[in-house]
Structure formats: C-alpha cells, structure tokens
Amino acid sequence: MSKEQLHEIVSEMREELQGLSDYIYENPELGLNEYKSSKAHVDLLTKHGFEVEYPYLGFDTAFRATFDSNKPGPTIAYLSEYDALPGIGHGCGHNMLGTVDTGAGIALSKVLAETGGRVVVLGTPAEETDGVKVDMANADTFDDIDVAMCTHPSDQNLMSNVSLAMEALEFEFFGKTAHAAGAPWEGINALDAAINMFNLVNASRQQLRPDARVHGIIVDGGVAANVIPEYTRVQFYVRSLDINYLQDVKAMVIRSAEAAAMATGCTMKYNHFEKSYYNMITNQKLSDTYNKNAKDLGIDMIDGGDDLSGSLDMGNVSQVVPSIHSYYDITEGVPTAGHTVEFREATRTEFGYQAMMRTVEILARTGYDVITQPELLKEITEEFNAIEKVN
Ligand SMILES: [Zn+2]
Ligand SMILES: [Zn+2]
C-alpha cells in the first residue's frame, strides 16, 4: 500500500460523499440541532467500520468516531462541521466541510492495516455560534491525538493561517421607569446608558490596534417611547489576533459600560453570551506537509497573510494539539463571500465536488505522511511544544 493508492480509495467514495454533502445541504440545521446531519455522518462512519461515541461530551449532535488499526502509531484527527445559518441554510458550506473531513478519515482508515496508528473523526457542532470544539479542547478529547486537521470551503486555496481571538460580551443596564412626559425626572434611563456606552466605545476606536475588532448591537432598547426605559441589553463581540491584547480591548469595553452606567445612575452587569474563541495557531510543519500534498495534486496553496476575516473554534483546538485549518476553492476563484446564497450554491457544482474530492485526498495523504514519517511528527510536536499558548 503506497500513498498513491489513496487516490483510488478516495475516487471510489465520490458517490457516497457527494450524497452526504447534498443530503446535509437539503436538510440545513442550526447549531446544536444538527440531528439529521450528525446522524448521516455517524451512519457513514459506522458503515466503514468506525467505532462511534454519539452523543459525545453531553452534546446530542457531537460524535467521536475512531478507527484503530490496533498496531502502534500516531493518532490523526479530522474535525467535521455541519451546522447551517438562519435563513440561508448552508451559506458557509459546512455541508461540504464536514463531508471532506469525514471522507478523509474514512480514506485514511483504509490504509491503517499497513501503516498502523489510528484515525479519529470528530463531529463538532455549532461552529457558527457556540462551537463545541471549545468544549472538546477543554475536555480530554485531544489528549491521545497527535495532530488535528480541518479544511473549509472558500473562493481560494488558502494556507492555514491565523484567526482572531474573540469574546462575546452582553451588558444589561437597570434603571427606573417613569412617564416620559408626565414625570420624566422620576426615571433612570437605561437606554441613555446603552447609547452612551456605544459612544464611549467609539471614542476609544482611534487608539485600537489595527487587528482589533469591536462591534455590537442593542438587543433590548426599551418597550415604549412614552416610558423611560428601565432595562436595556446590548451585545458586543471583541476580537484581536493576540489573546493578551484582547484582554485590554475587553477592559476598555467594560469600562465604557461602567462609565455609562455611572453617568446615568443605572446599575450594570455583564456576562458572556457565547463561548470565547482563542486565536488560531497554525502548526507550520503540518501546514507545509498539507501544502506539499496539495501541490502534488496540482493545487498551489496561497499565503493569504494575516487574513482577519473572523474567529474560529479551531483556535481553541490549536492551543492543545498541533493543528491546521486551511481553505479550498469551490468557486473557480470567482470572488464569493461566505454566508451568501452564491457560496451555498457553489457546494452543488461539478467544480465544487471535484475540489471536495481532491481535498479529501490531500487531507488523507497528509495524515499518511504523519503516520509513516516519525521524524515529521517529531518536528511537528517540537514546534507545538515551543509555542506560547493560553494557559
Ligand atoms: Zn464556516
Ligand atoms: Zn460561517
């Protein structure tokens, strides 16, 4: 069995994988409600001889599927996503994303009898909102895993790079109602607190580093224009490439809320309304291996630089195990933003399917390299051990 034989193994899976991606496209489910989607992945993995824990870690739509050669060797993990977006279904292409990672796991499992080692496919719900990869990174999920890989459909073939660390903060202001015309002086205006918080945050933008992002909305702004609002609620996302600098930005936002509450006489409290995501740390050695395999299959991976498009729950995984999160072109290079109908439809084109199958093979080949080249895994692990991580 050689690495080249993975090509034939993957080619034979086209119908099954296209079927899985199409089925999930037709049955879009929001984060933590991916019942049909997760079951479709689990059914396929079970059919191919994987042992599956499902539900996993207390999440109904998460799973951990393992194929063990029962011979010594490293453990390779592929991370599947399958959550959709409100309104536009699979506008982020997670129908194809999950299919590629599950497909890579199945393909690699077919050669393990000769190479040894194990492959684990993790079903990771709710990437768009409350990513369960965070819970997996906090639990013991990756303790016995040597490398973790995930690839995302895109309009370019982008190397694994960085992502922004992110915290999701919710602020509540508590005032006192009063008739807005009859006796406004009796009231304490919680909407003024919310508005002034935004003004104070905006006043600080000039001093933010270029990689910082602060963006928010007023969720509750009062109930009637003739009543002084006694309660308002706002939500902010704060982001930065640097987890330590993120704490400075977060402190600025909290100070703004405190000052607005003080000025208006309100009380304030805050909490996290979604999980915090860490910044992505790409394992360069693992990424180089992936990029080389892409090259061998005719794909030149592009270095997108410090692309600041958003935050990933893969960031948390990258802090506990050597990881990559790369992108593959499904639009023939036509600029197409994610979270759009156009991007969703690209997952149903012949070009998209071919990119999907090629990426399955690149991922499987990369896993094969890690298993069969002990020196490579040693370098990957040394690089990982040397990086500064969140404690
Ligand atoms: Zn996505
Ligand atoms: Zn998305």
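Start by selecting Ala-126, which sits in the loop between β4 and α6. (Helices, H or I with at least four residues, and strands, E with at least two, are DSSP runs numbered from the N terminus.) Before going further, know that this is a predicted model, where local features need pLDDT of at least 70, side-chain atom pairs count only at pLDDT 80 or more, and totals for chains, interfaces and linings use all residues. Residues are numbered from 1 along each chain as its sequence is written, chains are lettered from A and ligands numbered from 1 in the order in which they are written, and side-chain values use heavy atoms, leaving out hydrogens and water.

Back to Ala-126: is it buried or exposed? With 0% relative accessibility, Ala-126 is buried. Buried means under 20% relative accessible area, exposed means over 50%, and partly exposed is in between, using a 1.4 Å probe and protein chains only. Check its backbone too: Ala-126 isn't a glycine, yet its phi is positive, about 60°.

Next, click on the zinc ion (ligand 2). Which protein atoms hold it? Its donors are Cys-92 (SG), Glu-128 (OE), Glu-128 (OE) and His-339 (NE2), at 2.1 to 2.7 Å. Donors here are N, O and S atoms within 2.8 Å of the metal (3.2 Å for Na, K and Ca); water is not among the atoms, so sites may look incomplete. The angles among the 4 donor atoms run from 53 to 146°, and the site is irregular.

Glu-128 lies in the loop between β4 (118–123) and α6 (132–138), while His-339 is in the loop between β10 (323–329) and α11 (341–346), 211 residues apart. Glu-128 is partly exposed at 22%, and His-339 is partly exposed at 41%. His-339 also has a positive phi near 60°.

Hop over to the zinc ion (ligand 1), 3.1 Å from the zinc ion (ligand 2), with Cys-92 coordinating both. The donors of ligand 1 are Cys-92 (SG), His-94 (NE2) and His-152 (NE2), at 2.0 to 2.3 Å. Cys-92 is buried at 10%, and His-94 is buried at 0%.

Last stop: Pro-55, in the loop between β1 (51–53) and β2 (63–68).

Key. Tetrahedral: all angles 85-135°; square planar, octahedral: opposite > 155°, others 65-115°.
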